[in-house]
Amino acid sequence: MKIDRLIGILSVLLQEEKTTAPELAERFEVSRRTINRDIEDLCKAGIPIQTTQGTGGGISIMSGYRMDRTILTSKDMQMILAGLRSLDSVSGSGYYGQLMEKIQAGSSELISGRDSILIDLSSWYGETLAPKIETMQDAIGERHLVKFRYYAPSGESNRIIEPYYLIFRWSSWYLWGWCLKKKDFRLFKLNRMDKVQKLEKSFECREVSVPDLSNEKLFPGGIKVKALFEPDQKWRLVEEFGPSCFTERDDGRLLFAADYTDMDNLINWLLTFGDKAEVLEPKEARERLTRLVQKMTKIYKENKD
(Lines give C-alpha, C1' and ligand atoms only; values in the text may rest on other atoms or scores of the structure.)
Protein backbone atom coordinates (compact mmCIF):
# COMPACT_ATOMS: atom_id res chain seq x y z
CA MET A 1 0.00 0.00 0.00
CA LYS A 2 1.27 3.48 -0.81
CA ILE A 3 0.98 4.94 2.70
CA ASP A 4 2.96 1.96 4.04
CA ARG A 5 5.67 2.54 1.47
CA LEU A 6 5.87 6.30 2.09
CA ILE A 7 6.31 5.74 5.82
CA GLY A 8 8.91 3.07 5.08
CA ILE A 9 10.89 5.30 2.71
CA LEU A 10 10.83 8.15 5.23
CA SER A 11 12.05 5.78 7.94
CA VAL A 12 14.95 4.65 5.71
CA LEU A 13 15.92 8.24 4.94
CA LEU A 14 15.86 9.20 8.61
CA GLN A 15 18.06 6.26 9.58
CA GLU A 16 20.51 6.22 6.67
CA GLU A 17 22.61 9.11 5.46
CA LYS A 18 21.93 8.33 1.80
CA THR A 19 20.25 5.73 -0.36
CA THR A 20 19.40 5.28 -4.05
CA ALA A 21 16.23 4.75 -6.06
CA PRO A 22 17.30 1.23 -7.18
CA GLU A 23 17.95 0.26 -3.54
CA LEU A 24 14.55 1.56 -2.45
CA ALA A 25 12.86 -0.11 -5.42
CA GLU A 26 14.41 -3.46 -4.50
CA ARG A 27 13.60 -3.08 -0.81
CA PHE A 28 9.92 -2.20 -1.39
CA GLU A 29 9.51 -4.44 -4.44
CA VAL A 30 8.28 -1.72 -6.79
CA SER A 31 9.65 0.00 -9.88
CA ARG A 32 12.10 2.90 -9.85
CA ARG A 33 9.36 4.99 -11.43
CA THR A 34 7.11 4.31 -8.44
CA ILE A 35 9.90 5.29 -6.04
CA ASN A 36 10.44 8.55 -7.95
CA ARG A 37 6.73 9.35 -7.60
CA ASP A 38 6.88 8.55 -3.89
CA ILE A 39 9.83 10.90 -3.43
CA GLU A 40 7.85 13.64 -5.20
CA ASP A 41 4.89 13.03 -2.86
CA LEU A 42 7.14 13.25 0.22
CA CYS A 43 8.55 16.54 -1.08
CA LYS A 44 5.02 17.88 -1.60
CA ALA A 45 4.25 16.89 2.00
CA GLY A 46 7.04 19.21 3.18
CA ILE A 47 9.91 16.73 3.72
CA PRO A 48 13.10 18.42 2.38
CA ILE A 49 14.51 15.60 0.29
CA GLN A 50 17.44 16.19 -2.05
CA THR A 51 18.72 14.01 -4.88
CA THR A 52 22.19 14.13 -6.40
CA GLN A 53 23.39 12.52 -9.61
CA GLY A 54 26.62 10.75 -10.49
CA THR A 55 29.16 8.80 -8.47
CA GLY A 56 28.40 9.02 -4.77
CA GLY A 57 25.00 10.52 -5.47
CA GLY A 58 21.67 9.38 -4.18
CA ILE A 59 18.61 10.37 -2.17
CA SER A 60 18.86 11.97 1.25
CA ILE A 61 17.16 14.35 3.64
CA MET A 62 18.71 17.82 3.74
CA SER A 63 21.33 18.30 6.42
CA GLY A 64 20.01 19.77 9.67
CA TYR A 65 16.46 18.57 9.21
CA ARG A 66 14.87 16.30 11.78
CA MET A 67 11.33 15.29 12.62
CA ASP A 68 10.41 16.86 15.96
CA ARG A 69 7.68 14.89 17.68
CA THR A 70 7.35 17.42 20.48
CA ILE A 71 5.01 19.47 18.32
CA LEU A 72 2.37 16.81 19.02
CA THR A 73 0.28 17.06 22.16
CA SER A 74 -1.29 14.21 24.11
CA LYS A 75 -4.61 14.96 22.43
CA ASP A 76 -2.92 14.90 19.02
CA MET A 77 -1.52 11.43 19.74
CA GLN A 78 -4.91 10.16 20.91
CA MET A 79 -6.50 11.39 17.66
CA ILE A 80 -3.75 9.74 15.57
CA LEU A 81 -4.21 6.43 17.41
CA ALA A 82 -8.00 6.64 17.05
CA GLY A 83 -7.60 7.07 13.30
CA LEU A 84 -5.14 4.18 13.03
CA ARG A 85 -7.39 1.97 15.15
CA SER A 86 -10.34 2.70 12.86
CA LEU A 87 -8.28 1.71 9.80
CA ASP A 88 -7.08 -1.41 11.61
CA SER A 89 -10.73 -2.47 12.07
CA VAL A 90 -11.10 -2.97 8.30
CA SER A 91 -7.53 -3.86 7.38
CA GLY A 92 -6.78 -7.31 6.09
CA SER A 93 -3.22 -7.09 7.43
CA GLY A 94 -1.63 -6.36 10.77
CA TYR A 95 0.12 -3.23 9.52
CA TYR A 96 -1.94 -0.62 11.37
CA GLY A 97 -1.76 -2.60 14.61
CA GLN A 98 2.03 -2.76 14.33
CA LEU A 99 2.20 0.95 13.53
CA MET A 100 0.12 1.74 16.63
CA GLU A 101 2.51 -0.30 18.77
CA LYS A 102 5.49 1.62 17.37
CA ILE A 103 3.85 4.99 18.05
CA GLN A 104 2.75 4.01 21.55
CA ALA A 105 6.16 2.59 22.43
CA GLY A 106 7.95 5.76 21.41
CA SER A 107 5.39 8.23 22.74
CA SER A 108 4.44 6.93 26.17
CA GLU A 109 5.02 10.36 27.65
CA LEU A 110 2.35 11.79 25.34
CA ILE A 111 -0.24 9.07 25.88
CA SER A 112 -1.99 9.11 29.20
CA GLY A 113 -5.29 7.80 30.47
CA ARG A 114 -7.76 5.59 28.66
CA ASP A 115 -8.98 5.94 25.11
CA SER A 116 -11.85 8.39 24.77
CA ILE A 117 -12.66 7.76 21.10
CA LEU A 118 -13.22 4.29 19.65
CA ILE A 119 -14.03 4.01 15.94
CA ASP A 120 -14.90 0.67 14.37
CA LEU A 121 -15.33 0.77 10.58
CA SER A 122 -15.85 -2.98 10.25
CA SER A 123 -19.15 -4.44 9.07
CA TRP A 124 -21.03 -7.68 8.66
CA TYR A 125 -19.12 -8.04 5.39
CA GLY A 126 -15.68 -7.80 7.00
CA GLU A 127 -14.33 -11.05 5.57
CA THR A 128 -15.05 -10.00 1.98
CA LEU A 129 -14.58 -6.24 2.47
CA ALA A 130 -11.03 -6.20 3.89
CA PRO A 131 -9.40 -7.88 0.83
CA LYS A 132 -11.18 -5.42 -1.49
CA ILE A 133 -9.94 -2.44 0.52
CA GLU A 134 -6.39 -3.78 0.51
CA THR A 135 -6.50 -4.43 -3.25
CA MET A 136 -7.82 -0.93 -3.93
CA GLN A 137 -5.16 0.67 -1.70
CA ASP A 138 -2.42 -1.19 -3.55
CA ALA A 139 -3.87 -0.27 -6.94
CA ILE A 140 -4.23 3.40 -6.02
CA GLY A 141 -0.68 3.57 -4.64
CA GLU A 142 0.86 1.80 -7.62
CA ARG A 143 -1.49 3.40 -10.17
CA HIS A 144 -2.71 0.13 -11.59
CA LEU A 145 -6.09 -0.49 -13.15
CA VAL A 146 -8.64 -2.58 -11.26
CA LYS A 147 -11.25 -4.89 -12.71
CA PHE A 148 -14.43 -6.18 -11.08
CA ARG A 149 -17.96 -7.39 -11.64
CA TYR A 150 -20.40 -4.71 -10.49
CA TYR A 151 -24.01 -5.21 -9.41
CA ALA A 152 -26.15 -2.08 -9.68
CA PRO A 153 -29.93 -1.45 -9.63
CA SER A 154 -29.75 -1.06 -13.41
CA GLY A 155 -28.07 -4.45 -13.85
CA GLU A 156 -24.65 -6.07 -13.65
CA SER A 157 -21.56 -5.43 -15.75
CA ASN A 158 -17.79 -5.86 -15.89
CA ARG A 159 -15.84 -2.68 -15.18
CA ILE A 160 -12.22 -1.59 -15.52
CA ILE A 161 -11.41 1.47 -13.43
CA GLU A 162 -8.59 3.91 -12.82
CA PRO A 163 -8.84 4.05 -9.00
CA TYR A 164 -8.20 7.37 -7.23
CA TYR A 165 -9.91 7.47 -3.83
CA LEU A 166 -11.22 5.01 -1.26
CA ILE A 167 -14.08 6.67 0.59
CA PHE A 168 -16.00 5.76 3.74
CA ARG A 169 -19.36 7.53 3.79
CA TRP A 170 -22.99 6.74 4.57
CA SER A 171 -21.79 3.76 6.66
CA SER A 172 -20.26 2.08 3.59
CA TRP A 173 -17.01 1.95 1.59
CA TYR A 174 -16.83 3.34 -1.95
CA LEU A 175 -14.29 3.67 -4.74
CA TRP A 176 -14.04 6.89 -6.76
CA GLY A 177 -12.41 6.36 -10.12
CA TRP A 178 -12.44 6.84 -13.88
CA CYS A 179 -14.57 4.20 -15.58
CA LEU A 180 -13.12 3.14 -18.92
CA LYS A 181 -16.55 1.93 -20.02
CA LYS A 182 -18.48 5.12 -19.19
CA LYS A 183 -15.58 7.49 -19.95
CA ASP A 184 -16.30 9.43 -16.78
CA PHE A 185 -15.70 9.48 -13.04
CA ARG A 186 -17.99 7.17 -11.08
CA LEU A 187 -18.62 6.16 -7.47
CA PHE A 188 -18.72 2.40 -6.84
CA LYS A 189 -19.86 0.67 -3.67
CA LEU A 190 -17.40 -2.02 -2.59
CA ASN A 191 -20.12 -4.34 -1.30
CA ARG A 192 -21.54 -4.51 -4.83
CA MET A 193 -18.23 -5.64 -6.32
CA ASP A 194 -17.22 -9.22 -7.06
CA LYS A 195 -14.09 -10.81 -8.55
CA VAL A 196 -11.96 -7.75 -7.74
CA GLN A 197 -8.53 -7.83 -9.42
CA LYS A 198 -5.59 -5.47 -9.61
CA LEU A 199 -4.37 -5.57 -13.21
CA GLU A 200 -0.74 -5.38 -14.29
CA LYS A 201 -1.51 -2.47 -16.59
CA SER A 202 -0.71 0.94 -15.09
CA PHE A 203 -2.28 4.30 -15.97
CA GLU A 204 -1.30 7.94 -16.09
CA CYS A 205 -3.02 10.03 -13.42
CA ARG A 206 -5.72 12.37 -14.65
CA GLU A 207 -6.39 15.80 -13.21
CA VAL A 208 -8.73 14.77 -10.41
CA SER A 209 -9.87 16.66 -7.36
CA VAL A 210 -11.44 15.23 -4.22
CA PRO A 211 -15.01 14.29 -5.22
CA ASP A 212 -17.84 16.44 -3.93
CA LEU A 213 -19.89 13.93 -1.94
CA SER A 214 -22.09 16.43 -0.15
CA ASN A 215 -25.74 15.49 0.22
CA GLU A 216 -26.68 18.58 -1.77
CA LYS A 217 -24.53 17.43 -4.70
CA LEU A 218 -25.48 13.74 -4.83
CA PHE A 219 -29.00 13.96 -3.45
CA PRO A 220 -30.45 17.24 -4.69
CA GLY A 221 -34.01 16.36 -3.71
CA GLY A 222 -36.94 17.16 -5.99
CA ILE A 223 -39.60 14.80 -4.61
CA LYS A 224 -41.64 16.52 -1.91
CA VAL A 225 -42.75 13.89 0.58
CA LYS A 226 -45.43 14.12 3.26
CA ALA A 227 -46.38 11.13 5.36
CA LEU A 228 -47.97 10.22 8.67
CA PHE A 229 -46.13 7.94 11.08
CA GLU A 230 -47.22 6.22 14.26
CA PRO A 231 -45.72 7.72 17.47
CA ASP A 232 -43.57 4.64 18.15
CA GLN A 233 -41.60 5.36 14.96
CA LYS A 234 -40.28 8.68 16.23
CA TRP A 235 -36.86 7.17 17.00
CA ARG A 236 -36.36 6.15 13.38
CA LEU A 237 -37.31 9.54 11.99
CA VAL A 238 -34.97 11.29 14.44
CA GLU A 239 -32.14 8.86 13.63
CA GLU A 240 -32.48 9.15 9.86
CA PHE A 241 -33.67 12.75 9.31
CA GLY A 242 -33.27 14.61 12.63
CA PRO A 243 -35.81 15.89 15.16
CA SER A 244 -36.99 18.77 12.95
CA CYS A 245 -38.32 16.53 10.13
CA PHE A 246 -41.79 16.11 11.67
CA THR A 247 -44.45 17.80 13.77
CA GLU A 248 -46.67 16.03 16.30
CA ARG A 249 -50.40 16.14 15.61
CA ASP A 250 -53.15 16.19 18.20
CA ASP A 251 -53.85 12.50 17.61
CA GLY A 252 -50.20 11.67 18.43
CA ARG A 253 -49.19 10.78 14.88
CA LEU A 254 -46.15 12.41 13.33
CA LEU A 255 -46.48 14.52 10.19
CA PHE A 256 -43.24 14.00 8.29
CA ALA A 257 -42.01 16.31 5.51
CA ALA A 258 -38.78 16.04 3.51
CA ASP A 259 -37.26 16.05 0.02
CA TYR A 260 -36.37 12.74 -1.63
CA THR A 261 -34.29 12.14 -4.74
CA ASP A 262 -35.37 8.75 -6.05
CA MET A 263 -38.92 7.37 -6.17
CA ASP A 264 -37.83 3.72 -5.98
CA ASN A 265 -35.77 4.38 -2.85
CA LEU A 266 -38.68 6.29 -1.34
CA ILE A 267 -41.08 3.38 -1.91
CA ASN A 268 -38.61 0.87 -0.48
CA TRP A 269 -38.03 3.07 2.57
CA LEU A 270 -41.75 3.48 3.25
CA LEU A 271 -42.28 -0.27 2.97
CA THR A 272 -39.86 -0.86 5.84
CA PHE A 273 -42.40 0.81 8.16
CA GLY A 274 -45.19 -1.62 7.27
CA ASP A 275 -48.53 -0.34 8.57
CA LYS A 276 -46.81 2.29 10.73
CA ALA A 277 -46.72 4.82 7.89
CA GLU A 278 -49.18 6.43 5.48
CA VAL A 279 -47.83 8.49 2.62
CA LEU A 280 -49.87 11.57 1.76
CA GLU A 281 -47.75 13.08 -1.01
CA PRO A 282 -46.75 12.63 -3.77
CA LYS A 283 -49.75 10.98 -5.38
CA GLU A 284 -47.51 8.69 -7.44
CA ALA A 285 -46.06 7.17 -4.25
CA ARG A 286 -49.55 6.41 -2.90
CA GLU A 287 -50.56 4.80 -6.19
CA ARG A 288 -47.42 2.65 -6.40
CA LEU A 289 -47.76 1.51 -2.82
CA THR A 290 -51.39 0.61 -3.44
CA ARG A 291 -50.44 -1.53 -6.45
CA LEU A 292 -47.64 -3.18 -4.50
CA VAL A 293 -49.91 -4.08 -1.61
CA GLN A 294 -52.51 -5.51 -3.98
CA LYS A 295 -49.88 -7.58 -5.78
CA MET A 296 -48.43 -8.86 -2.49
CA THR A 297 -51.90 -9.74 -1.23
CA LYS A 298 -52.54 -11.73 -4.38
CA ILE A 299 -49.19 -13.58 -4.09
CA TYR A 300 -49.74 -14.60 -0.49
CA LYS A 301 -53.36 -15.50 -1.10
CA GLU A 302 -52.43 -17.76 -4.03
CA ASN A 303 -49.70 -19.43 -2.00
CA LYS A 304 -52.11 -20.09 0.85
CA ASP A 305 -54.70 -21.63 -1.52
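Predicted model: local features only at pLDDT ≥ 70, side-chain atom pairs only at ≥ 80, totals over all residues.
Residues are numbered from 1 along each chain as its sequence is written, and side-chain values use heavy atoms, with hydrogens and water left out.

Helices (H or I, at least four residues) and strands (E, at least two) are DSSP runs numbered from the N terminus. Two strands pair if DSSP finds at least two bridges between them. An open sheet is built from four strands in the order 9-10-8-11, with antiparallel pairing. Strand 9 (246-248) and strand 11 (277-281) are the edge strands, each pairing on one side only. On average, neighbouring strands of this sheet are turned by 20° against each other, direction ignored; axes are lines fitted to C-alpha atoms, for helices over the stretch in contact, and angles run from 0 to 180 degrees between N-to-C directions.

Strand 8 (residues 223-229) and strand 11 run antiparallel and are joined by four bridges. Phe-229 has Ala-277 in strand 11 as its bridge partner.

Two helices pack on the sheet through contacts (heavy atoms within 4.5 Å). Helix 8 (residues 234-241) touches strand 8, strand 9 and strand 10 (254-260), and its direction makes about 25° with that of strand 10. Helix 9 (residues 263-271) touches strand 8, strand 10 and strand 11, and its direction makes about 5° with that of strand 8.

The structure holds zero disulfides, a disulfide being a pair of cysteine sulfur atoms within 2.5 Å. Cys-179 counts as buried because its relative accessibility is 0%, whereas Cys-205 is partly exposed at 38%. Buried means under 20% relative accessible area, exposed over 50%, and partly exposed in between (1.4 Å probe, protein chains only).
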